[in-house]
Amino acid sequence: MNWNKPKTEQEWLEILSAYLDHELPEQDRVELEHVLKSDPVRRQQLIELRHTSRLLREYEIMAPSPDPVFIHRFVEEQDKRQSNTRWFSFRFPALHWSQFSIGFVTGILALILVQQSWMASPDRPLSGMPASGNESVPVVNIYMTPNQAEDLLQQVTAKGLINQMKTQIHNGKWEEAAASYNLLIRDYADSGVLSEIENDIRLQTFIKRYVEKRRLSL
Amino acid sequence: MKSLTTNALALVHENYGSLYRFVYRMAGNHEMAEDIVQETFLRLAREGSKDLSGLYGRRWLFVVARNLCISWFRKQTKQTEVPMDELNELHADTDNPIHSLTRQERDRQVQSAIASLPPVLREVILLREFEEMSYEEIANIVGCPLGTVRSRIAKARDLLKQKLLPMMEAE
């Protein structure tokens, strides 16, 4: 870098001030020191700036110590912020605010992408059209009384228990299968699904060989 | 968590004095200086992250204090004069009253010269002369280019030189 000799008084002032602060590039510093040796005006200017700087630095101020009341308030504020952070960490253990925000934004973007890909999908039925070509999907509304609904629920549950019992027998869990059977007899005898047990040879064998024998032994 | 409070308190004790002196020299008002310094640290307690340590924390504090000073200046309708009683209180030398008076008079003149500078020149010269910050650090705090900092410091020095010339000649 070449030495750009200052042209104006302001430029001289800036370069001398920067020299005083050790903020001049090496080459500029060398060139300026060369000038200062031969130029008494610039030398005097530098002396005055240095003197000004010294006078300023001699102006000392005794700062007060932090007030204990202020320190108390500071710690309180700090604790308040920390407890807020702790609350958040408790609710979302592995997350910090930043991570939570990133996760939230990513989730929203993912939802938007899924929605857009669904909108662009060729399989998506146009509004007012059935889902697949000419086939219409019948929609059936079933109306029933509360008692009918309860009966239906009983049947579904009893059916589920029978299936569970079959699985338990298949897996050799006799005790559990017996418990399922006892539950069926106790709570779902009226559901009408017990005929399924009577028609199932495997279930009948299990009941005769295990449940009834065990009941007799008791 | 405890270490976070300890670190923040260390930051308070390390920087309270220099921040106070900076704000006081900027405004020449003891009460205002304490208010601004305390508000700066309370903001640290409320908003600061755990990364505010060392030089970065110091810079953050000076940026906040400087911004609060500017807000305070904007609220003022006229330039703040240095109340003599505050300087007396701060520099009372009971052992040598003459020295104390001379010192007070000189301090009053220096503070008056500093106060006569426009705030943009005042802040850079204070950060340079009293906090001994580099031009780059000052540029980061006041938010302007390095070249601007350099020319502002030079201009501030020149204006102060003119104001303090009688004192220099007396010496």
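**View 1. Arg57(A) and Glu129(B) form a salt bridge across two chains of this predicted model.** Their closest N and O atoms lie 2.7 Å apart; a salt bridge here is a side-chain nitrogen of Lys or Arg within 4 Å of a carboxyl oxygen of Asp or Glu. Across the interface of chain A and chain B, eight such bridges are found.

View 2. In chain A, 41 residues are in contact (heavy atoms within 4.5 Å) with 53 residues of chain B. The two chains bury about 4500 Å² between them, 62% of it on carbon and sulfur atoms; this is the accessible area (1.4 Å probe) lost on being put together, summed over both.

**View 3. Helix α3 of chain A spans residues 40-57.** Its 18 residues reach 26 Å from first C-alpha to last, close to the 26 Å expected at 1.5 Å a residue, that is, 1.5 Å times one less than the number of residues. Helices are DSSP runs (H or I, at least four residues), numbered from the N terminus. At the start of α3(A), a side-chain oxygen of Asp39(A) comes within 3.1 Å of the backbone nitrogen of Val41(A). Buried residues (under 20% relative accessible area, 1.4 Å probe, protein chains only) include Leu46(A), Leu49(A) and His51(A).

**A note on the views.** Residues are numbered from 1 along each chain as its sequence is written, and chains are lettered from A in the order in which they are written. Local features need pLDDT of at least 70, side-chain atom pairs count only at pLDDT 80 or more, totals for chains, interfaces and linings use all residues, and side-chain values use heavy atoms, leaving out hydrogens and water.

Terms used: Helices (H or I, at least four residues) and strands (E, at least two) are DSSP runs, numbered from the N terminus. Buried means under 20% relative accessible area, exposed over 50%, partly exposed in between (1.4 Å probe, protein chains only). A polar contact is a pair of N or O atoms within 3.5 Å; within protein, one must be able to donate a hydrogen and the other to accept it, and residues adjacent in sequence count only if both atoms are side-chain atoms.
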